[in-house]
Amino acid sequence: MPGIMTYPNNFIRFLGTAGTRFIMLSQRRSSGGIWFSYGGARGVIDPGPGSLVRICEASPPLSPVDINTLILTHRHVDHSSDVNVLAEGMTLRAREPRGFVLLTKDCLADGDSVLMKYMTKKIDKTAFHEDGAIVHPAGGMSVESVLHFHHGVECYGLIFRGGGLPTWGLISDTAPMGYFPERYRDCELLIINVALAFPRSRLDHMSMPDATSLLAHMRPKMAVITHMGSDMLDMGEEFISARMSTAETKVVASRDGMIIDMDDIMNIKQPGGMER
Ligand SMILES: [Zn+2]
Ligand SMILES: [Zn+2]
């Protein structure tokens, strides 16, 4: 397979693009989360089932030992199950506690912690999301948390800034909120978890019409749709991309293994080296 030989200096790789428990359980799409190398931080957002495997199988190679940052947007198992093994990688060769973990308070709930207690002792810094709070995991970059609403668990979106690189944001699992355009306004790249093809009032997830109207307000240069449920996957990436793209915003529906060059966000490489 002719894929790329090396990664860009700063990049995002979609280890997984699965949305909903059904897609996770069938592994129709991987549920590995999002790898980022950005402004000195290297790590994974929402390492669900298969994250470690996807990292170890990646081409060009990635290694869990290189991770210095782990982020959970919320505690649901499709977003968190591999956090302990990746924390093991992050702290493997360190004599002192190492690495930065950003998560919700309910991820460390007494008696129900998704991050094992013995693992937390190996980690240098653990921070909790707070709406509008900004943390500095590594290098010159920062991460701001944005309050989400998602089925009764604490959940936050993310905005990455710094290092002279494009600002980018992730809207994680959430009901659509009216303040998103204001909060994410400086994002040149917006990644949106769009589980649903159509809104369903009892489900706290973004749908394709929700994301379309959000993008019409915000007009980022680039938007990537991920965390797709079965209705979205049935439509196919080409259809979603064509349907949602506008003159101002290029929209790409993600595939497992897709890479975005963060020094040139319009440069997206699909697995196998196919560019578009
Ligand atoms: Zn989810
Ligand atoms: Zn969730």
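## Strand β6 and Phe128

Phe128 is located in strand β6, which covers residues 125–128. The coordinates discussed here belong to a predicted model.

Leaving aside residues up to four places away in sequence, Phe128 touches Leu102, Leu103, Thr104, Lys105 and Leu108. Of this group, Leu108 is 20 residues from Phe128 in sequence, and the C-alpha atoms of Phe128 and Leu108 are 9.5 Å apart.

## The zinc ion (ligand 1)

Three protein residues supply donors to the zinc ion (ligand 1): His79 through NE2, Asp173 through OD and His227 through NE2, at 2.0 to 2.2 Å. Along the chain these donors follow the spacing H-x93-D-x53-H. His79, in helix α3 (residues 77–80), and His227, in the loop between β13 and α8, are 148 residues apart, and this pair links distant parts of the chain.

His79 has a relative accessibility of 3% and therefore counts as buried. The side chain of His79 forms a polar contact of 3.0 Å with that of Asp173 and another, of 3.2 Å, with that of His227. The residues that His79 touches, sequence neighbours up to four places away excluded, include Asp46, Pro47, Gly48, Leu72, Thr73 and His74.

His227 sits between β13 (222–226) and α8 (230–235); its relative accessibility is 4%, so it too counts as buried. Among the residues touched by His227, again without those up to four places away in sequence, are Thr17, Ala18, Gly19, Thr20, Asp78 and His205. Asn193 is touched by His79 and also by His227.

The zinc ion (ligand 2) and the zinc ion (ligand 1) are separated by 3.4 Å, with Asp173 coordinating both. Both His150 and Asp173 are buried.

## Nonpolar cores

The largest nonpolar core comprises 30 residues, and the members with the most contacts inside it are Ile12, Phe160, Trp168, Leu189 and Ile260. Apart from it lies another core, of 27 residues, which includes Ile159, Val194, Ala211 and Ala253.

Phe160, from the 30-residue core, touches Phe36, Tyr38, Ile45, Ile71, Met141, Ser142, Val143, Pro166, Thr167 and Trp168, not counting residues up to four places away in sequence. Val194, from the 27-residue core, is one of the residues touched by His227.

## Helix α9

Helix α9 spans residues 237–244, and within it Glu237, Ile240, Ser241 and Met244 are buried. Viewed down the helix axis, the buried residues of α9 fall within an arc of 95°, so they line one face of the helix. An α-helix has 3.6 residues a turn, so residues three or four places apart point the same way.

The buried residues of α9 pack against α7 (208–218), β13, α8 and β14 (250–253). Glu238, Ala242 and Arg243 are exposed on the other side of α9.

## Backbone features

Ser59 and Pro60 are joined by a cis peptide bond with omega of about -5°. Pro60 is placed in the loop between α2 (51–57) and β4 (69–71).

Asp46 is a residue other than glycine with a positive phi, near 55°. Asp46 lies in the loop between β3 (41–45) and α2, and its relative accessibility of 6% means that it counts as buried. Arg219 likewise has a positive phi, near 50°, and is found in the loop between α7 and β13. Arg219 is exposed, because its relative accessible area is 53%.

Note on methods:
Residues numbered from 1 in each chain as written. Chains lettered and ligands numbered in written order. Predicted model: local features only at pLDDT ≥ 70, side-chain atom pairs only at ≥ 80, totals over all residues. Heavy atoms only, no water. Donors = N, O, S within 2.8 Å, 3.2 Å for Na, K, Ca; no water. Buried < 20%, exposed > 50% of the residue type's maximum accessible area, 1.4 Å probe, protein only. Helix = DSSP H or I, 4+ residues; strand = E, 2+ residues; numbered from the N terminus. Contact = heavy atoms within 4.5 Å. Core = buried A, V, L, I, M, F, W, Y, C linked by side-chain atoms within 4.5 Å. Polar contact = N/O pair within 3.5 Å; in protein donor to acceptor, adjacent residues only side chain to side chain. Arc of directions from axis to C-beta.
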